[in-house]
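Here are a few friendly notes to read alongside the model. Please keep the structure open as you go through the points.

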Amino acid sequence: MRLLVKRQLRGGRYFVCFKSAGFNRDERRRIKRFGMPYVDLRAEGLGIYRLDQIDFCLICVSSDQAENMIKSIRENIRAELDRLLVRKGKFSGESIVKALRREKMLTFGLACTFVLLLISAHRGIISSHQINVQPEGSFGSAHSECNKASAIFAGELAPLEEVRGSLQDSTTKLEKDSTRYEGPHDRFNPSIGKTSSALSPMVKPDFTLTALPGTLMVDSDWDSDITGLKEKSSSENFKLILTPVGGFGGPVTLGFTGFSPSVKCYLYPKRIKKLPGSATLLISLAPKSPPQICCKITVIARGQTSSGELITHEKELVLAIRQKSSYRGPVWHVSPQGSDQSGDGQWGSPFRTIQRAIDCSSPGDTVLVERGIYRENLNIRKKENIIIASHFIYDKERSTIKSTIIEAKGPGWVVTVGQSKRITLCGFTIQNGKSGDLGYGGGVYCYNSSINIFDNIIARNENRSGYGAGIFCYASEPHILRNHIIENHNYDGSGAGICCYKSNPDIVHNVINRNFSSGGGSGIHILYATQARIIRNLLYGNSGSSTIVLFSPDSTGDFKVINNTISHNQADAIKYSGGIWSFESNIITLNEGYGLFTLDGVARLLYNDIWGNG
C-alpha cells in the first residue's frame, strides 16, 4: 500500500497529513477476495478507518512527536496488510483432493454424454410425433420440480418489504448486542462511518475547533438562526464570529478556502466596512454526514494598515466532525485505547481524551480516567459539580496516581478551571506545564471558581513570570489536600508550589518540596486573603527568597498556620505581614534563612518549636 505523508511546519506546530494512494496487485487481489481491511488508530487519538479511506491531518507540538506518530500509524497499517496477505481461504489438502476427483468424474461424464449424443443422432430416442402426443401432465411435474431446483440453486428474491424488515430486525439486534461488552476495549464495529441510509442512524454533528495563532479572534457557538442568508438550510449549523484584531486600520475583506465537499460554508458580510466590526461564518453539515471527517478551513482577511499598506492575514481552522453520543452519563470513561470519534463515553466505548469527556459531562457527573498518559491542556469552564478522577478513588493505590498522567500538550497550564463550582480533581500526576510567549503557565490554574485538588502529584511545571507554577488560584475557594507538589519553578515571579491571590485556601496535609521561586513563596504564597488555613503540611528542600509568604490587609480574617513542619529549606521559612496570623504547634528548623520574619505583621505564637535556622 502506498501511503502519502506530508509534513508542514506552521506557527510552531507540526502538521502531518496522511492519505492512502493505492495498493499493489497482490493486495488488490486479496482485498477483492477477503474485503477491505480496517486499521484501528484509537490509541493515537483517532478512530477506525478503512485503508482506502485514510485522509486526515494531525497537529503535533514537536518534530519528535510528529515522527513518532508517523511511525506508529505506519506500523498499524503494515500490521493490517500483513494479516491480509497471510490470510488463507477455506481450501485444505483434503478439499484439493476432492476437487481433483470431481474434475476426473466430470471428464468421464462429459465423455459418456458425447457418446450418447452420437447414438441419439444415429438412431433417435424420441420422435417429434411422440413428443406431440405426450399428455400435458407428464411434463408439468417435471417443470415444477425444475423450478424448485432452480429456486434452490439461484435463490429467489424475497419481496422488498421483507428485506427491509429483516434489515431492521438485524439492526435492532446489533444495537441490543452492542450493549454487551466483554471488556472496556473491545474492537469497535468497523461499519461506523458508512452512509447507507438503511443502516446508519442519523448523526447529529458535534464540532471541535482548533484555531492556530493568527490575527483573527474566533468565538463560536451552535446557532440555528441563519437570518441574512439567501440560501436557507435545514442542516445542523455552527456559527463562528470572526473579528479582525490588530494590524488593520481600514475596511477588511474576508474569504475562506479549503473546505471539503461534505460541508457548506456561508460568510456574511464578506466586507467589514467599519472597524471595529465582525462577520459570521456559518458552517452547515448535512444531518446524515458520517463522523471522523477532518476539514481544514482557511479564513483570509485582506485590508489596510493605518499607514495605508495592504496586508493579508490567514487563520486556519481544523474542524473535526464527530458522532454525538446518545449516552448521558453519569460516568464518562476515558482510556488510552478509546476514541473521541467513535467512542461514546460508556464503559465499553471510552473516549481517548479527558477534554472530550469533560465537554460531555453535566452537573453531578464523574469523568473516570484509566491509567495512561494523556497529553492535553484541559479547559474546564462554566461547569458545576464535576468529579474528574483516576481509578485511585477505587483502589487507593499510589501507583495509580503515578501511572495516570496528564501532561501539557502545548504551552500554558495543564489544567485550567474557570467560572466553575465544586470541581474535583483527584488521583493524577499533573506535569510539564510550561509558560508560552506571555510567560504564564504551569500545573493547575483556577479563577473565579471553587475547586477540590485531592491526592495528586503536581510536578515539574514552569512559569517565567507572574504568579504560580504548580497551583495558582485567583479569586477562588481552593481546597488543596494530600498532594505531593514537587520540582515546580517560577523563574521571574512569585509562588512556585502553591500561589493564592485574592483567594481563601484550605491547604492541608500536603508534601511540598524542591520547588524554586525567585520572587519568594517557593512553597506557599498567599496574597490578599480574607481567611486561610495551612495545616499539617511538610515543606522541605525548597529554594528562593522564602519558603512561605503570607500577606493580608484584613485584620479581622481567620488566618491559621498549625502543625506544619518547615525544615531544611534554602531560604527563610516564613515571611508574614498584615492581618493577624496564628502560628501554633509548628516545627520550624534548620532553614538557611530566618525561621519567622516580619516587618509590620501581627502574630499569635503558641507552642512552636523554632531552632537552628540561619
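1. How much accessible surface does the chain have, and what percentage of it belongs to carbon and sulfur atoms? The accessible surface comes to about 32600 Å², and carbon and sulfur atoms account for 54% of it. Please bear in mind that this is a predicted model, so every value here is computed from it.

2. On to the overall make-up. The chain has 614 residues, of which 43% are buried. Its secondary structure consists of nine helices and 47 strands.

3. A word on contacts along the sequence. Taking the contacts in the chain between residues at least 6 apart in sequence, 67% of them link residues at least 24 apart.

4. Now a look at one tyrosine. Y14 sits in strand β2, which covers residues 13–20. Is Y14 buried, partly exposed or exposed? Its relative accessibility is 27%, so Y14 counts as partly exposed, given that buried means under 20% and exposed means over 50%. The C-alpha atom of Y14 is 6.4 Å from that of S62, although 48 residues separate the two along the chain.

5. Strand β19 (residues 384–390) runs parallel to strand β22 (residues 421–426), and five bridges join them. Within this pairing, A389 has C426 of β22 as its bridge partner.

6. Strand β22 also pairs with strand β25 (residues 450–454), again in the parallel sense, over four bridges. Which residue of β25 stands opposite L425? That residue is I453.

Notes: Residues are numbered from 1 along each chain as its sequence is written. This is a predicted model: local features need pLDDT of at least 70, side-chain atom pairs count only at pLDDT 80 or more; totals for chains, interfaces and linings use all residues. Side-chain values use heavy atoms; hydrogens and water are left out. Helices (H or I, at least four residues) and strands (E, at least two) are DSSP runs, numbered from the N terminus. Buried means under 20% relative accessible area, exposed over 50%, partly exposed in between (1.4 Å probe, protein chains only). Contact means heavy atoms within 4.5 Å. Accessible areas come from the Shrake-Rupley method with a 1.4 Å probe; for residues, only the protein chains shown count as cover. Two strands pair if DSSP finds at least two bridges between them.
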